[in-house]
Amino acid sequence: MAKPAGKEKQLPRNINSADSVPVDDIDFRSGEKDKSVEELLDEHKRLGVRPFTAEVQEFERLDEGRRSDILNSIDQSVDLETDEWMEPDYENADIEVDWEKLKEASDEERRFEKLEEKYTGPAGLFQLSVQPDDDIEWQPGDFFSIKLPETPGLDLQGHQVPEVRRETAEDETVFRAYSIGSSPNDDAIDFYIKRIPDEAVTEQSLTPVLDAKMKEADEITLRGPYSDELSIKETSEKDMVYVSTGTGMAPLKSMIDFSLEEGLDSFEGEERDMYILLGASYEDELPAHQHFQELDEENENIHYIPTVSRESLVSDWDGETDYVQNVLSDYAGDEIDMENAEVYVCGMSTMAQGVRQTVEELGLDTENGSYHEEVFD
Ligand SMILES: Cc1cc2nc3c(=O)[nH]c(=O)nc-3n(C[C@H](O)[C@H](O)[C@H](O)COP(=O)(O)OP(=O)(O)OC[C@H]3O[C@@H](n4cnc5c(N)ncnc54)[C@H](O)[C@@H]3O)c2cc1C
């Protein structure tokens, strides 16, 4: 059901206020790791950014159950004596698979390489929801930096965190930027965080520590909010197109949720269409996938278009599988009037470059204020 077209609202007070600190002077992309504690404190004092604490409300790994899906998928396609390559009972899905044997025994070597990568790798997402101890205002599109937990003696045993990380787990200078995935109208702050591969972890890495350590009721320290390229614009008649891969969806989700809550998806009584294109390798790597599916079902003007390149290896996925920019290109023309759209892009720079080129080819002037892009790398 479409929402009744409501009266347009002015942007709420905090949206145009200066609560968020512009990040021009802070190099989050280097993780601030080259700066001393004193330099960081001076910099943040100058910018008026004070740390605050928050309590973890929820910590959820979004790829739970996928190992079973992979085992099922192998089981259906390979005619091997089960005990040649794995234990028959895979309820816990904590099973050593003899991938080399599988590859040798089948003519689908490439397929098994991809499945091995998914089965053995950490390339999943986790969602972290925290409740700030004070009233903290932020704008949709903002991000916070999270500090390494101060808990002494972090117990990272049992997790795939290299020794080097354990030795430096209490380094207080480690802050990392994470985009806010929830609306400022929510009490909790949600983050969608991508796990990094073990081989990429360094002495300064924060994500594996959050992944290994976080549980409900823990306290974490954050700083911000900071604003970069993404923010909600004044309403217009234009349709809105949100394009991202992986965790790049977080700030866009905050903007989408807030726009819907505040009635910014209508203009002079007319609904504005919102196209949400989200890409990843597997379905469980699409942040807030179920939330967007529900929005799509409940609102005629919302069109959620997920695209996952490898999901069909493990399930009967029959949706889009191409790069987001190619999917966007397919929808443009018939469905999306690209010359008259407002486009928001977030994620890795290679994806953003591809999207920019595509929308320009489709007739959007990316220099006239209709195109907004933020990259994480
Ligand atoms: C404005 C902004 C917003 C951001 N928002 C988010 C967000 O919402 N969610 C999120 O997950 N991240 C986000 N990031 C990235 C985040 O800040 C960290 O850079 C990232 O989590 C890695 O930090 P780390 O400390 O774990 O690893 P680092 O020690 O910083 O990196 C270790 C090594 O891993 C590599 N690496 C980092 N990430 C990956 C990866 N995914 N796959 C493979 N190699 C990798 C790095 O290049 C480096 O070589 C954002 C970054 C910026 C600048």
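The structure is a predicted model, in which local features need pLDDT of at least 70 and side-chain atom pairs count only at pLDDT 80 or more, while totals for chains, interfaces and linings use all residues. Residues are numbered from 1 along each chain as its sequence is written.

The protein chain holds eleven helices and 14 strands (DSSP runs, numbered from the N terminus: H or I of at least four residues for helices, E of at least two for strands). Of its 377 residues, 38% count as buried. Here, buried means that 20 or more other C-beta atoms, placed from the backbone, lie within 10 Å of the residue's own; exposed means 12 or fewer, and partly exposed is in between. Taking contacts (C-beta atoms, placed from the backbone, within 7 Å) with a separation of 6 or more, 80% are between residues 24 or more positions apart.

Now for the sheet. Five strands make up an open sheet in the order β12-β11-β8-β13-β14, with parallel pairing; two strands pair if DSSP finds at least two bridges between them. Since β12 and β14 stand at the edges with a single partner strand each, one side of each is left without a neighbour in the sheet. On average, neighbouring strands are turned by 10° against each other, direction ignored (axes are lines fitted to C-alpha atoms, for helices over the stretch in contact, and angles run from 0 to 180 degrees between N-to-C directions).

Going across the sheet, strand β11 (residues 274–280) is joined to β12 by seven bridges, and G279 has T307 as its bridge partner there. Six bridges link β8 and β11, with Y242 standing opposite I276. On to β13: β8 is joined to it by six bridges, and S244 is partnered with C346. Finally, five bridges join β13 (residues 341–347) to β14 (residues 371–375), where Y344 stands opposite H372.

Strand β8 (residues 239–245) is well tucked away, as seven of its seven residues are buried. In a regular strand the side chains alternate between the two faces of the sheet. In β8 both faces are covered, with D239, V241, V243 and T245 on one side and M240, Y242 and S244 on the other.

Some of these residues turn up again in the largest nonpolar core, which has 68 residues, with Y242, V243, I276 and L277 having the most contacts inside it. Such a core is a set of buried Ala, Val, Leu, Ile, Met, Phe, Trp, Tyr and Cys residues joined through C-beta atoms within 7 Å. Domain 1 (28–61 + 124–222) and domain 3 (239–375) both contribute residues, so the core lies between them; the domain bounds come from an automatic or database domain assignment. Leaving out residues up to four places away in sequence, V243 touches L277, V324, L328, V343, V345 and V355. There is also a second, separate core of eight residues, including I74, L102, L313 and V314.

S315 sits between β12 (302–308) and α10 (324–331) and is partly exposed, because 14 other C-beta atoms lie within 10 Å. Its C-alpha atom is 8.6 Å from that of I70, although the two are 245 residues apart along the chain. G369, in the loop between α11 and β14, is exposed because it has 9 other C-beta atoms within 10 Å. G369 and E342 are 27 residues apart in sequence, and 8.3 Å separates their C-alpha atoms.

Note on methods
Contact = placed C-beta atoms within 7 Å.
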